[in-house]
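Take a look at the chain below. This report goes from contacts to overall form, then to a few single residues.

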Amino acid sequence: MNEKKINQIISYQLVKAREELGFTQMKVQEDNIISQSNLSKIENGVKKISAAKLFLLADYYKKPIEYFFKK
């Protein structure tokens, strides 16, 4: 597995986790977690997510960090 594939998995899992909670990208921004623009870029694979931001989103979405690396 290469870095591009790993980033695609993380992006997909981020969308899935957010949508499972019924959250919009704007709600995540309103809760001061990450800007809607940056979240959109990360979820669409345009921008890579930092480890720190992934940790914050995992906590916010109430998911273990391992969740974001599942195929």
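Residues 24 or more positions apart supply 57% of the contacts in the chain with a separation of 6 or more. Contact means heavy atoms within 4.5 Å. The model is predicted: local features need pLDDT of at least 70, side-chain atom pairs count only at pLDDT 80 or more, and totals for chains, interfaces and linings use all residues. Residues are numbered from 1 along each chain as its sequence is written, and side-chain values use heavy atoms, with hydrogens and water left out.

**The whole chain**

The chain has four helices and zero strands. Its pattern along the sequence is α-α-α-α. The radius of gyration is 11 Å, close to the 11 Å of the globule rule for 71 residues, so the chain is as compact as a globular protein of that length. Helices (H or I, at least four residues) and strands (E, at least two) are DSSP runs, numbered from the N terminus. The radius is taken over C-alpha atoms, and the rule is 2.2 Å times the number of residues to the power 0.38.

The C-alpha atoms fill a box of roughly 35 × 25 × 20 Å along the principal axes. Of the 71 residues, 35% count as buried. Buried means under 20% relative accessible area, exposed over 50%, and partly exposed in between (1.4 Å probe, protein chains only).

**Two packed helices**

Helix α1 (residues 3-20) packs on helix α3 (residues 36-43) at an angle of about 125°, with the axes 8 Å apart. That angle makes α1 oblique to α3. Angles under 35 degrees count as roughly parallel, over 145 as roughly antiparallel, 65 to 115 as roughly perpendicular, and the rest as oblique. Axes are lines fitted to C-alpha atoms, for helices over the stretch in contact, and angles run from 0 to 180 degrees between N-to-C directions.

Which residues of α1 and α3 meet? From α1 come Ser 11, Leu 14, Val 15 and Arg 18; from α3 come Leu 39, Ile 42 and Glu 43.

**Single residues**

| Residue | Relative accessible area | Class |
|---|---|---|
| Asn 32 | 71% | exposed |
| Leu 56 | 44% | partly exposed |
| Lys 62 | 71% | exposed |

Asn 32 sits in the loop between α2 (25-30) and α3. Its phi is near 60°, a positive value in a residue other than glycine. Lys 62 lies in the segment after α4. Lys 62 is not a glycine, yet has a positive phi of about 60°. Leu 56 belongs to helix α4 (residues 51-60).
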